[in-house]
Amino acid sequence: MALTLESRLALNTGQTMPVLGLGLWQVRGPDVGPTVQRALELGYRLFDTAKLYGNEREVGEAVRASGLPREELFVTTKLWNDDHGRERAPAAFAESLSRLGLDYVDLYLIHWPASDRRVETWRALTELEDAGRCRSFGVSNFTVSHLEELVDATGIVPAVDQVEQHPFRYEAELDRFCARHGIVVECYSPLARARRLDDPTLAEVARAHGRTVPQVMLRWGLEHGFVVIPKSVHPARLRENASVFDFSLEREERRRLDALSQGSGPD
Ligand SMILES: NC(=O)c1ccc[n+]([C@@H]2O[C@H](COP(=O)([O-])OP(=O)(O)OC[C@H]3O[C@@H](n4cnc5c(N)ncnc54)[C@H](OP(=O)(O)O)[C@@H]3O)[C@@H](O)[C@H]2O)c1
């Protein structure tokens, strides 16, 4: 079935997640309200924040002010690196929830595997007593070996791995592993932070479809079956980034875009 902005992917927790959302890293407090409101008007339903971003409070306020039924919205936040461990992880989760001012979050991610206590953290989170306060748990920046470590130790498969992915950084091995284990891959920096918008291959594909390079980059992620969370604070770009459901890439074009990662490595 053709993807739309309302499309959702099934998570291994029985929940579903919108295929496109708004990234909120580097969106300053005062900009959050108007940006989220504009995004909601355009049909965005997924909002990605983190303790690190320092804007959970404003994100929660904007979501609460939307007037939309809570179950239509999907809010993600993340555990920061100094909150790993059996004691701190549940406390950090409760603090995030309190800053957001919501009854529950849809997805709580371990932001980085950067701690030798990551398995302990995972176990503590997935054993939270009041499980209703978080609909799904996942991870971010976890490689295949980090994922294997978690699953081997606990038997609990993360619902999502949020990783940097775009045509210049296509993690095919991780993609295959996640597909095999029913883990949804969510692409952060799906526009490669707007640093490669002048790439000639992307420009050629965009021209062939009468589209923009950012739209082609997002379409690439969606057609791989990933969730994409571009960030913008500009209304015209918010609209542009959500207008990616009325064209599709040819197989050959997708193959050419996949090949952009080869040899270039992460930027
Ligand atoms: N888990 C992690 O470790 C991690 C790490 C990084 C990011 N993330 C998440 O992923 C989200 C997205 O990643 P990101 O913010 O790093 O990068 P991104 O979405 O790839 O790119 C954002 C940059 O592109 C610009 N931009 C957006 N739309 C555009 C368009 N249509 N045309 C031209 N420029 C455009 C934005 O500027 P304007 O705002 O000025 O439009 C901003 O400078 C973050 O906000 C965050 O939620 C997670």
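**Figure 1. Ala194 sits in the loop between strand 9 (184–188) and helix 7 (200–209).** What you're looking at is a predicted model, so local features are described where pLDDT is at least 70, side-chain atom pairs count only at pLDDT 80 or more, and totals for chains, interfaces and linings use all residues. Residue numbers start from 1 along each chain, following the sequence as written. Phi of Ala194 is near 65 degrees, a positive value in a residue other than glycine. As background, most residues other than glycine have a negative phi. Is Ala194 buried or exposed, or in between? Ala194 counts as partly exposed because it has 14 C-beta neighbours inside 10 Å. The scale behind that word uses C-beta atoms placed from the backbone: with 20 or more others within 10 Å a residue is buried, with 12 or fewer it is exposed, and in between it is partly exposed.

**Figure 2. The shell around the ligand takes in 25 residues.** To be in the shell, a residue needs its C-beta atom, placed from the backbone, within 6 Å of the molecule. Which residues are the closest? They are Gly23, Tyr188, Leu191, Ala194 and Lys231. Helix 9 supplies the largest share of the shell, three residues. Sorted by class, there are 11 nonpolar, nine polar and five charged residues around the ligand. For the sorting, Ala, Val, Leu, Ile, Met, Phe, Trp, Tyr, Cys and Pro go in as nonpolar, Asp, Glu, Lys and Arg as charged, and the others, Gly among them, as polar.

**Figure 3. Helix 1 (residues 29–42) packs with helix 9 (residues 235–242).** A pair like this is summed up by two numbers, the angle between the axes and the distance between them. Here the angle is about 35 degrees and the axes are 10 Å apart. The axes are lines fitted to C-alpha atoms, for helices over the stretch in contact, and the angle is taken between N-to-C directions on a 0 to 180 degrees scale. The crossing is right-handed, meaning that the near helix is turned clockwise from the far one by less than a right angle, with anticlockwise giving left-handed. Helix 1 brings Arg38, Ala39 and Leu42 to the contact, and helix 9 brings Pro235, Leu238, Arg239 and Ala242. Contact here means C-beta atoms, placed from the backbone, within 7 Å of each other. By class that makes five nonpolar, no polar and two charged residues.

**Figure 4. Gln26 lies in the loop between strand 3 (21–23) and helix 1, and Gly29 is in helix 1.** Phi of Gln26 is near 65 degrees, a positive value for a residue that isn't glycine. Gln26 is exposed, since 12 other C-beta atoms lie within 10 Å. Gly29 comes out partly exposed, with 13 other C-beta atoms within 10 Å. Not counting residues up to four places away in sequence, Gly29 touches Asn55 and Glu58. Lys51 is 22 residues from Gly29 along the chain, and their C-alpha atoms are separated by 13 Å.

**Figure 5. Leu97 is part of helix 3 (residues 88–100).** Why does Leu97 count as buried? Because 21 other C-beta atoms lie within 10 Å. Setting aside neighbours within four places in sequence, Leu97 is in contact with Leu102, Val105 and Arg133. Cys134 is 37 residues away from Leu97 in sequence, yet 9.1 Å away in space, C-alpha to C-alpha.

**Figure 6. Leu202 belongs to helix 7, and Arg255 to helix 10 (residues 251–258).** Leu202 is buried, with 24 other C-beta atoms within 10 Å. Beyond its neighbours within four places in sequence, Leu202 contacts Pro167, Val213, Val216 and Met217. Glu253 is 51 residues from Leu202 in sequence and 9.3 Å from it in space, C-alpha to C-alpha. Arg255 is exposed, with 10 other C-beta atoms within 10 Å.

Notes
Helix = DSSP H or I, 4+ residues; strand = E, 2+ residues; numbered from the N terminus. Contact = placed C-beta atoms within 7 Å.
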